[in-house]
Amino acid sequence: GQGVPCDFEGTPCQVGDGIMSNYNAIAKYIKGNLTAMGCTPGSEITITGHSLGAAEAVVAMFDLAGQGYKIGESYTFGQPRTGDYTFAKAFGAKVKATSYRVTYHEDPVVHLPYEGSQTEGFWHTSPEIFYNGDVRKGYKECPTGEEKGCSDQFTDVPTMVLDCLDLSKCDHLRYMTAEKKILMDGSSCVEGATLV
C-alpha cells in the first residue's frame, strides 16, 4: 500500500485507498507517541479498534510489526474488509496468530466492502471470533478470513444497514453488550463528559 511496503510471496498487496490514506495521515503521530512513551522496536504493543478504527488498527499492526515491534494479543471489533487476499495472507504471515477479528451477529460493516475472490477484491484477515447474539453463550472461531459458519452466514447486507437506522437495533454498536452497559454510539461520552 501507499507508504507501507507490503507483498506476499512476491505479489504486491492492496489496501483500500481511504483506509491507507487515513493511516498515512496518523502514522507519524502513532510512532512518535510510541517513542515518547518508551516503546521502541522490539517492544510488545497491543492494538485495538472498532469499525474504521479496526481497519486502521490492522494496517498499524502490519506496519509496526514490519518495523520490529512485537504485536501482542490484539482485537478488532466490527472490522470492514481492509485489503485484498494478498494483504490478508501477508498480514497473517507478519503478525502471526496474535490478532483476532471479532464479529457480532448481523453487523453490516463486517460485510463491506463486498467480498472479492483470491484474485481480486477485498478479503478479511483471520482468524474471526464470531458471536451469534448473546456473548455470554460463547463464540465460534473461524480460522480463515471468509467462512459461512461465522459472520458470512448473513448475506442480506441492505437489511442489516437499514436496521442500523435505529441505533438500539444496530448490531455494529452492540459488541459485548452483555458485558457492558453502554452503547458504542458516543452518547456516553457526551452525557458523562465534564467540560473544564
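Predicted model: local features only at pLDDT ≥ 70, side-chain atom pairs only at ≥ 80, totals over all residues.
Residues are numbered from 1 along each chain as its sequence is written, and side-chain values use heavy atoms, with hydrogens and water left out.

**View 1. Strand 7 pairs with strand 8.** Strand 7 covers residues 99–104 and strand 8 covers residues 128–131. Strands here are DSSP runs of E with at least two residues, and helices are runs of H or I with at least four, both numbered from the N terminus. The two strands run parallel and are joined by 4 bridges; two strands count as paired if DSSP finds at least two bridges between them.

View 2. T76 has R101 of strand 7 as its bridge partner. Strand 7 is mostly covered, with 5 of its 6 residues buried. Buried means under 20% relative accessible area, exposed means over 50%, and partly exposed is in between (1.4 Å probe, protein chains only). As a rule, side chains in a regular strand alternate between the two faces of the sheet.

**View 3. R81 meets E146.** These two form a salt bridge, with the closest N and O atoms 2.9 Å apart. The term calls for a side-chain nitrogen of Lys or Arg within 4 Å of a carboxyl oxygen of Asp or Glu. This pair links distant parts of the chain: R81 sits in the loop between strand 6 and helix 3 (85–95), E146 in the loop between strand 9 (140–142) and helix 4 (157–163), 65 residues apart. Both R81 and E146 are buried.

**View 4. K169 meets D166.** Their side chains make a salt bridge at 4.0 Å, N to O. K169 counts as exposed because its relative accessibility is 56%, while D166, at 33%, counts as partly exposed.

View 5. The R174 and D171 side chains join in a salt bridge at 3.4 Å, N to O. R174 is partly exposed because its relative accessible area is 26%, whereas D171 is buried at 10%. Salt bridges that share partners also tie R81, E115, E146 and D152 into one network. Searching the whole structure turns up 9 salt bridges.
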